[in-house]
Amino acid sequence: MGCDGKFFVGGNWKSNGTKSSVTKLVEELNAGSVPSNTEVVCAPTFIHLPYVQENLDTSKFEVSAQNCWIEGPGAYTGEISAEALGDMDIKWVILGHSERRALNGETNEFVADKCKKALDTGLNVIACIGETLEQRESGKMFDVLDAQMSAIVAKVEDWTKVVIAYEPVWAIGTGVVATPEQAQEVHAYLRKWFAEKVSADVSKSMRVIYGGSVNAKNCVELATQEDVDGFLVGGASLIGPDFITIANAFEK
């Protein structure tokens, strides 16, 4: 770890889950143990948030939404406001995930404005950044990351409630995982970036987590990297025993 905080493991369930599968997953998670040095957050779909919030063992896990709207309550059909999440005692929200950037056209500035709105409303934010394979291979990776982070920095003042999730787009859901060395290279860059663009204190306290086909087999090696402060897990977060293994990776 390169920061002063707890190791952080988030589980992004994406648009997955039925009543029966979510019930089973919650039971599997509750049966597992989580180390005291790791903060673990689960993000079900909006429709499953109430059940998970009520039934997940809150002594081990926190609950997150996968998105929120850029404005407060109002005439925004189909959107969920940060205020609505806060009213449900949801503490976390994932913003700027690459799937929303690609499929919903969310720009860097739009993501940054949503981060500001969520933080101003009292939520904690998992802010996602990452490059495509084309951007990496063309040598534009760091330019892309700089642009994504610069937009967020322009809108955020209090970094104590922010976790940065680096997700190389080419490794999300593909089974292709960045090597531990590739992950460390980017995480070290982001740590240095924060020191230069924000402050040394924020750089030291900021948790920069890795997402991109993290699973029960590769998590321990990734967790040993100096600047990897945790994970944002996709598919493996839907398998209770595997997610518990990942949540314990920093203990190994």
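## Contacts around H97

Two residues are said to be in contact when heavy atoms of theirs lie within 4.5 Å of each other. Leaving out residues up to four places away in sequence, H97 touches N12, K14, C128, E167 and I172. H97 is found in the loop between β4 (92-95) and α4 (98-103), where helices (H or I, at least four residues) and strands (E, at least two) are DSSP runs, numbered from the N terminus. The relative accessible area of H97 is 5%, so H97 is buried; the word buried stands for under 20% relative accessible area, exposed for over 50%, and partly exposed for what is in between (1.4 Å probe, protein chains only).

This is a predicted model, in which local features need pLDDT of at least 70 and side-chain atom pairs count only at pLDDT 80 or more, while totals for chains, interfaces and linings use all residues. Residues are numbered from 1 along each chain as its sequence is written, and side-chain values use heavy atoms, with hydrogens and water left out.

## Parallel strands and their crossovers

Strand β2 (residues 38-43) and strand β3 (residues 62-65) run parallel and are joined by two bridges, which meets the rule that two strands pair if DSSP finds at least two bridges between them. Within this pairing, V41 stands opposite E62 in β3. Together with helix α2 (residues 49-55), the strands β2 and β3 make a right-handed β-α-β unit; a crossover is right-handed if, with the strands pointing away from the viewer, the path from the first strand over the helix to the second runs clockwise.

Strand β3 is also joined to β4 by two bridges, and these strands run parallel, with A65 standing opposite V93 in β4. From β3 the chain crosses through helix α3 (residues 82-87) to β4, and this β-α-β crossover is right-handed. In a regular strand the side chains alternate between the two faces of the sheet.

## Aromatic pairs

Nine aromatic pairs are found in a search of the whole structure. Rings of Phe, Tyr and Trp (its six-membered ring) pair if their centres lie within 6.5 Å, and planes under 30 degrees apart count as stacked, over 60 as edge-to-face and the rest as tilted. The ring centres of W159 and F194 are 5.3 Å apart and their planes stand at 80°, so this pair is edge-to-face. The pair links distant parts of the chain, 35 residues apart, with W159 in the loop between α7 (141-153) and β6 (162-166) and F194 in helix α8 (residues 180-197).

W159 is buried, with a relative accessible area of 8%, and F194 counts as buried at 1% relative accessibility. F194 also pairs with W193: their ring centres are 5.5 Å apart and their planes are at 80°, so this pair is edge-to-face as well. Elsewhere, ring pairs link F7, F231 and F250 into a cluster.

## R136 in helix α6

R136 lies in helix α6 (residues 133-137) and, at 19% relative accessibility, counts as buried. Its side chain makes a polar contact with the side chain of E131 (3.0 Å); a polar contact is a pair of N or O atoms within 3.5 Å, where within protein one must be able to donate a hydrogen and the other to accept it, and residues adjacent in sequence count only if both atoms are side-chain atoms. Apart from neighbours within four places in sequence, R136 is in contact with E131, M141, Y166, W170, Q182 and V186.

## Cysteines

The search of the whole structure finds zero disulfides, a disulfide being a pair of cysteine sulfur atoms within 2.5 Å. The closest cysteine sulfur to that of C3 is in C128, 17 Å away, which is too far for a bond.
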